[in-house]
Amino acid sequence: MKREFAVIGLGRFGGSICRELSEEGMDVLAIDIHEEKINEYKNIVAHAVIADTTDENTLKELGIRNFEHVIVAIGENIQASILTTLMLKELGIKKITVKAQNDYHEKVLNKIGADHVVHPERDMGRRIAHNIISTNILDHLELSDDHSIVEVKAGSRMHGKTLIELDIRAQFGCNVVAIKQANDKQINVSPMADQIIDQDDVLIVIGADKDISRFEKQLVLDE
Ligand code: ATP
């Protein structure tokens with residue numbers, strides 16, 4: 001079943017969302033104030049329209065109310081991003097995702113009721129920083145300001161031990177929710193306490209950032 005998405009602002013972020021959604025077979029309306037952007041995307045998305053989304057009537061004429069999810073990817077022009085989001089909210093759009101340019105912008109977007117505020121440069125920077133700290137930390141996904149999920153390669157300190165021996169929940173307050181097993185390429189969701197860890201296994205761990213950080217320093221980082 002096709003679901004309808006509108007993407008406002010066709011910079012690198014908005015443009016990449018348009019491409020991915022379209023490749024996944026979604027019906028996308030792409031909107032940008034600049035004609036050259038629309039020309040770039042008109043053969044990629046189902047519909048591409050030149051419009052200034054800070055104008056309420058324009059939004060109404062575009063039938064934006066019919067879209068179940070609108071992504072606002074206007075970056076540098078923070079005023080245009082905030083105004084657009086506010087009007088989408090007033091028009092009753094069910095789900096609004098907005099790209100924030102900085103922390104102040106993010107705060108305002110949350111206040112006016114954006115459902116999901118993303119901060120791609122900051123988030124990617126954090127993920128890469130974690131990856132740089134240790135080659136064992138494969139990925140890092142923020143769940144909230146102080147909770148995350150990390151994907152870590154078990155490494156030598158955990159090799160040959162069971163989960164009960166490692167006692168990760170009691171020692172660090174975080175939970176191993178799944179293990180991608182190196183030997184049989186299986187994903188073991190909710191592993192048992194007697195599961196023996198191989199150093200090449202990948203653990204998916206959820207918890208508070210401060211707990212995950214202690215876990216990483218004491219059990220994951222190479223000696
Ligand atoms: P990225 O980092 O994703 O490349 P950016 O953060 O630099 O983008 P901009 O290039 O400033 O963001 O904005 C993204 C797009 O939004 C641009 O193509 C711009 O033309 C478009 N845009 C800006 N203002 C409006 C508006 N009022 N209505 C519609 N589109 C707009």
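A salt bridge is a side-chain nitrogen of Lys or Arg within 4 Å of a carboxyl oxygen of Asp or Glu. In this predicted model, a search of the whole structure for such pairs finds eleven salt bridges. One of them joins glutamate 142 to arginine 126, with the closest N and O atoms 2.4 Å apart. In another, aspartate 123 pairs with arginine 122, and here the closest N and O atoms are 3.3 Å apart. Aspartate 123 has a relative accessibility of 25% and therefore counts as partly exposed, because that class lies between the limit for buried residues, under 20%, and the limit for exposed residues, over 50%. Arginine 122, with a relative accessible area of 25%, is likewise partly exposed.

Around the ligand stand 21 residues, of which Arg12, Phe13, Asp32, Asp52 and Lys99 come nearest. When this shell is sorted by class, seven of its residues are nonpolar, seven are polar and seven are charged.

Lysine 99, which is among the residues that come nearest to the ligand, places a polar side-chain atom 2.8 Å from an oxygen atom of the ligand. Glutamate 76 takes part through its backbone, where an N or O atom lies 3.0 Å from an oxygen atom of the ligand. At threonine 53 a polar backbone atom is again involved, at 3.2 Å from a nitrogen atom of the ligand. Taken alone, the ligand exposes 640 Å², and the protein buries 87% of that area.

Definitions and conventions
Residues are numbered from 1 along each chain as its sequence is written. This is a predicted model: local features need pLDDT of at least 70, side-chain atom pairs count only at pLDDT 80 or more; totals for chains, interfaces and linings use all residues. Side-chain values use heavy atoms; hydrogens and water are left out. A residue is near a molecule or strand if one of its heavy atoms lies within 4 Å of it. A polar contact is a pair of N or O atoms within 3.5 Å; within protein, one must be able to donate a hydrogen and the other to accept it, and residues adjacent in sequence count only if both atoms are side-chain atoms. Accessible areas come from the Shrake-Rupley method with a 1.4 Å probe; for residues, only the protein chains shown count as cover. Ala, Val, Leu, Ile, Met, Phe, Trp, Tyr, Cys and Pro count as nonpolar, Asp, Glu, Lys and Arg as charged, and the others, Gly among them, as polar. Buried means under 20% relative accessible area, exposed over 50%, partly exposed in between (1.4 Å probe, protein chains only).
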